[in-house]
Amino acid sequence: MSPIPNAPIRSHFPRLLLGAALVLGGGAFGAEPTAVEAPTGKDPVVDHLTRGQVYLDRGEYARAVQEFEQVLRFDNLPPDLRQQAEIYAKAAKGYREGERLSAFGFAETGGGFYRENVTRTTNALGGDPVRDWFWEARVGGGLGYIVTDAITIDGNLDYQFRYYDDTDRRDDEDLRWNAAVVQSLANGSQSIGVRGRASYRGGDGYRQDYGLFLNRAFVLDSDNRITLEGELRSREYPSGRERDRSRDIAQVWLGWTRNLMDGKAAVTFSINGGREWATHDREGGDQTIYGAQIDWSMDFNERVGAFLFGLWEHNGYHDDVADGDALDRTLTPELDIYELGGGLTYAFAPGWSLRPEVLYIRDEGNTQFSDYSATEIWMMVRRSF
């Protein structure tokens, strides 16, 4: 999977994402789902949980997840739709029995291989790209509390650790968290919350991200949902040379989710844009960001599923550099980030699943040391509880 050194893909990748979204999302527009009783609107939580259970019982997993997520927002769920729906259904069952508090948890472990591909950056650094085996572990979970017939409070925690076989390379640690208040509506939901992330950067400590977000979901019908989300966040690097990269960020996402194949599959296409403001005089100053992403998943049967995703993001400064009276059109730093990945899920026992996965990463920048590419492949075993 090594790319041709310096081969640009920025001109084609956004159109590939859009084309994939149209192909995957448009193929089932003619299918009419069997009607489910319309919500009364008097108790949105009960309406959504009831409809979600009906869809799950019929094996329409994507439609079930869409309904459940208008009440609860659990992150870090397994990629297969059936297991997602069953985790939410467990919380719905508890609520019907008078239990307002629900929870889920998971633990997974496995290993894989990291391969740095040849680029102009690896050539500039001596032509010795990294090849390294790694071991990975991840634990996390979530809590949800249904306060009233329309309000839910939920929170999620996710910790990941990766150990590399190369003793000269630092290991990776990443902790993510969020908490939100969700209001269920007759045809959708809206929420406000906070979230953050701490990522290990080596001897200087952890990079800290934290911010405030707003989310509004519009359920158009059992197969279509539009989501609008905005966030204000801060990214702070530890002391040392990286501190100059600290910045404040404002970003907006617009997404469309289309359920396919009678609820056995789903595709989400989203676009985003925003602005970053440097807080410590980083090179290039402020910058504009925008991009697109596509996520697709499908359950072939009760045991086997597949998932794919693609991401493109552009980071650019878009400013010429003035030098005295003359305009010196110096090339300012710009970067395009690409990710392509996918895998399979195999549920081999209740609560247990196996997941082989592959990820291709490409960063295309216009400076000598901003051209990066890597391929990773790994296998994880997951236990949900």
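Biologist: Is helix 2 largely enclosed by the rest of the structure or exposed, and how many of its 14 residues are buried?

Modeller: This is a predicted model. In it, Pro44, Val45, Asp47 and His48 are among the buried residues of helix 2. So are Leu49, Arg51, Tyr55 and Leu56, again among others. Helix 2 is largely enclosed by the rest of the structure, because the buried count is 10 of the 14.

Biologist: Which elements do the buried residues of helix 2 pack against?

Modeller: Both helices and strands take part. The helices are helix 3 (61–68) and helix 4 (81–96). The strands are strand 2 (131–146), strand 4 (172–185) and strand 5 (188–200).

Biologist: What span does helix 2 reach from its first C-alpha to its last?

Modeller: Helix 2 covers residues 44–57, which is 14 residues. At 1.5 Å a residue, 20 Å is expected. The model comes close to that, at 20 Å.

Biologist: Which residue just after helix 2 takes a positive phi?

Modeller: The phi is about 80 degrees. The residue is Gly59.

Biologist: Asn178 is found in strand 4. Is Asn178 buried or exposed, and what is its relative accessible area?

Modeller: The cut-off for buried is under 20% relative accessible area. Asn178 falls under it, so Asn178 is buried, at 14%.

Biologist: Which residue's side chain is joined to that of Asn178 by a polar contact of 2.6 Å?

Modeller: Beyond four places in sequence, Asn178 is in contact with Asp75, Asp154, Gly155, Asn156, Val194 and Arg195. The side-chain partner in the 2.6 Å polar contact is Asp75.

Definitions and conventions
Residues numbered from 1 in each chain as written. Predicted model: local features only at pLDDT ≥ 70, side-chain atom pairs only at ≥ 80, totals over all residues. Heavy atoms only, no water. Helix = DSSP H or I, 4+ residues; strand = E, 2+ residues; numbered from the N terminus. Expected span 1.5 Å × (residues − 1). Buried < 20%, exposed > 50% of the residue type's maximum accessible area, 1.4 Å probe, protein only. Contact = heavy atoms within 4.5 Å. Polar contact = N/O pair within 3.5 Å; in protein donor to acceptor, adjacent residues only side chain to side chain.
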